[in-house]
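Let's take a walk through a protein model together.

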Amino acid sequence: FPAGEQEALTRLEEFLHKRIYEYAEHRNHMDLDGTSSLSPYLRFGMLGLRQAVSAARQAQVKARGEVSKRSAEVWLNELIWREFYIQILYHFPYVAKTAFNKSLANISWRNNMSEFEAWKRGETGVPVVDAAMRQIKEIGWMHNRARMIVASYLVKDLLIDWRWGEAWFMENLLDGDIAANNGGWQWTAGTGTDAAPYFRIFNPVLQSAKFDSNGDYIRKWIPELRGVDAKHIHAPWDFDLRIPGYPEHPIVERDKERTLQAYKSSKEDSKA
């Protein structure tokens, strides 16, 4: 991500040329260059939010067909989400320190430090999670779908406080913005304003197979898995694969009931 306004404008122009009209279809696929990659430039004001909104509206006008027009609208909606989280932080500043939904402010987190360190290093044994965590360390940026996957894994599978992950992202993301970062983490954790229901728990293997079907994203960031084929790469432990230098099994077995009970207890305690 070279710095500067000119780089931002060049990237915007390239995005508007074609990718914006495929954005709705491609934006969730981690193996494709389907996003605008403009977030660091918006974060530091090298590209103004109004410039981006104006570009999105012009793209809607120029779109050839409803599918392309809808795709430009989807990108505009993402810009609106960014603004929404800025407004939330301004009007409800307590979200910077605790859950927006106060009934979920006292979840009994496990907060296992060794598991947290494995998550940070990209050594959980879940390929899509590890690929994303290595990406952020390597280039200071992570695909948005990957952000949701790793956040869900930390909070819902490891039952580690979302604020730990939020802080790690702020330390490592070039586009780290307190409002957008906080909003994204609270959305995934189920504690925020328009949050996903707390009982919605991503299955990282299914997410990986759906949004990186051939495993190209995983292979790019995890050299140890570059020789593994598409059938086995999303969950190598299911096929008893032993890969030198890579964990044989995920660091935890998925336990949805444990997570649901922790959230339920917090809601019940808030009513007491």
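## A look outside and inside

Ile139 sits in helix H7, which covers residues 127-139; helices here are DSSP runs of H or I with at least four residues, numbered from the N terminus. This is a predicted model, so local features need pLDDT of at least 70, side-chain atom pairs count only at pLDDT 80 or more, and totals for chains, interfaces and linings use all residues. Residues are numbered from 1 along each chain as its sequence is written, and side-chain values use heavy atoms, with hydrogens and water left out.

How open are two of the residues? Here is a table, where buried means under 20% relative accessible area, exposed over 50%, and partly exposed in between (1.4 Å probe, protein chains only).

| Residue | Relative accessibility | Class |
|---|---|---|
| Ile139 | 33% | partly exposed |
| Glu253 | 72% | exposed |

Glu253 belongs to the loop between helix H13 (230-233) and helix H14 (256-271). From Glu253 to Asp194 it's 59 residues in sequence and 29 Å in space, C-alpha to C-alpha.

Now for the inside. A search of the whole structure turns up two cavities of 30 Å³ or more. A cavity is a set of points on a 1 Å grid, over the protein atoms alone, where a 1.4 Å probe fits but cannot get out; lining residues have an atom within 4 Å of a point. A volume is the space filled by probe spheres set on the points. The largest cavity has about 90 Å³. Among its 14 lining residues, Tyr85, Ile88, Asn182, Gly183 and Thr193 are the closest to its centre. H10 gives the largest share of that lining, five residues.

Definitions and conventions:
Helix = DSSP H or I, 4+ residues; strand = E, 2+ residues; numbered from the N terminus. 1 Å grid on protein atoms, 1.4 Å probe; cavity = no way out; pocket = protein on both sides within 12 Å on 5 of 7 lines; lining within 4 Å.
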